[in-house]
Amino acid sequence: MTQAAATAAVTAPAQQSANDAPVNKHKADWRGWKFMWPFAAVFIFVFIIPILYAIYISFFQKRMIGGTKFVGFANYIRLFHDQQFWSAVGRVALFTVIQVPIMLFLAAAMALALDSMKLHGTKFFRISTFLPYAVPAVVSTLIWGFMYGAKYGLVGSFNSTFGTHLDLLAPNVLLASIGNVVTWEFTGYNMLIFYSSLSTIPHALYEAASIDGASEWQTIKSIKLPELKSSLAITVIFSIIGSFQLFNEPSIMQNMVPGNAINTYYTPNMYAYNLSFAGGQSNYAAALAITMAVITMVIAYVVQLKSMKEQMK
């Protein structure tokens, strides 16, 4: 008994000192970065470095005499006095204000129709509405440009058959025609976002509404539409960013439209592209791109902030 007590007396302080040993709870754990580093490396080299380089060259100017010189904010000052730039910004802003609400309304209506479970062939409807998004923008624009043709396309055949003079590529309706192409391309994509959001609603809410005698419209108004608010903010932000980056559709249609209806500064992205690759003004084009990125970020942030305030009510 004496020997056992002595052994316990010796080992007890050792165990207590081991338990009381300081543990570094703030030691860095790099296991997560081992999984992230492939994406992080690609993200840095493909996204971060080009942005930093664009910001860097925007402070320089290439001159015929003297080479490239540092000019500070001269490119940005020139840009804010550039009427062609503001004309392009105003055009895409008008495009955004009109096209985005129409597209999102159609997407929400189709999502509600799918969620109602009253449509026949819902799988075919879901795939067919999403299919235009899978078609490359160049191919979509070529298809619609051919149909818009007043002499050789679908509109031309309609004119010759009924004796009309429709011209969907005329300058006064050209922006609406481009908006129709973009709406056709992205309505199905936004519809799936809305439909996914509606799929998360518990069926118990529908059962409770049915027991209370709620009509179909009351169910949509009180249950489904509030659920779409979070996904609506995402689709609005993505749509605004996409609209301000409008390039493929007007660029492809430029050779289909008679005259000079689509000029080199029809959209900001087209203006930057032509400045850089056709005009040899890559520094000025970089300043334009950075300015458009800031404008788009500010608008997207305002939309997100407003959405967060609505959700907190």
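1. Burial terms. A residue is called buried under 20% relative accessible area, exposed over 50%, and partly exposed in between (1.4 Å probe, protein chains only). By this rule K224 is buried, because its relative accessibility is 4%.

2. Conventions. The model is predicted, and local features need pLDDT of at least 70, side-chain atom pairs count only at pLDDT 80 or more, and totals for chains, interfaces and linings use all residues. Residues are numbered from 1 along each chain as its sequence is written, and side-chain values use heavy atoms, with hydrogens and water left out.

3. Overall form. The protein has 13 helices and two strands; helices (H or I, at least four residues) and strands (E, at least two) are DSSP runs, numbered from the N terminus. Its radius of gyration is 29 Å, whereas a compact globule of 313 residues would have one near 20 Å. That radius is taken over C-alpha atoms, and the globule rule is 2.2 Å times the number of residues to the power 0.38. The C-alpha trace spans about 115 × 80 × 35 Å along the principal axes.

4. Of the 313 residues, 34% are buried. Contact means heavy atoms within 4.5 Å. Among contacts between residues at least 6 apart in sequence, 66% join residues at least 24 apart. The 19 positive and 12 negative charges have mean positions 11 Å apart. Lys and Arg count as positive and Asp and Glu as negative, while His and the chain ends are not counted; each charge is placed at NZ of Lys, CZ of Arg, CG of Asp or CD of Glu.

5. Aromatic pairs. The whole structure holds 18 aromatic pairs. Rings of Phe, Tyr and Trp (its six-membered ring) pair if their centres lie within 6.5 Å; planes under 30 degrees apart count as stacked, over 60 as edge-to-face and the rest as tilted. The W144–W184 pair is edge-to-face because the ring centres are 5.9 Å apart and the planes stand at 70°. This pair links distant parts of the chain, with W144 in helix α6 (residues 137-148) and W184 in helix α8 (residues 174-198), 40 residues apart. W144 is buried at 16% relative accessibility, whereas W184 is partly exposed at 33%.

6. Y265 is partly exposed at 22% relative accessible area, while Y271 is buried at 7%. Separately, F130, Y133, F186 and Y189 make up one aromatic cluster.

7. K224. What surrounds K224, not counting residues up to four places away in sequence? The residues that K224 touches are L112, D115, S116, L198, I201, Y206, E216 and T219. K224 sits in helix α10 (residues 216-244).

8. V257 is in the loop between α11 (248-253) and α12 (268-278) and is buried at 6% relative accessibility. Beyond its neighbours within four places in sequence, V257 contacts L169, L174 and I262. M64 is 193 residues from V257 along the chain, with 35 Å between their C-alpha atoms. T296, in helix α13 (residues 282-312), is buried at 12%. Apart from neighbours within four places in sequence, T296 contacts I241 and F244.

9. Leaving aside neighbours within four places in sequence, F125 contacts M110, L114 and L119. A134 and L228 are 94 residues apart in sequence and 24 Å apart from C-alpha to C-alpha. For F125 and K151, the separation is 26 residues in sequence and 33 Å in space, C-alpha to C-alpha.
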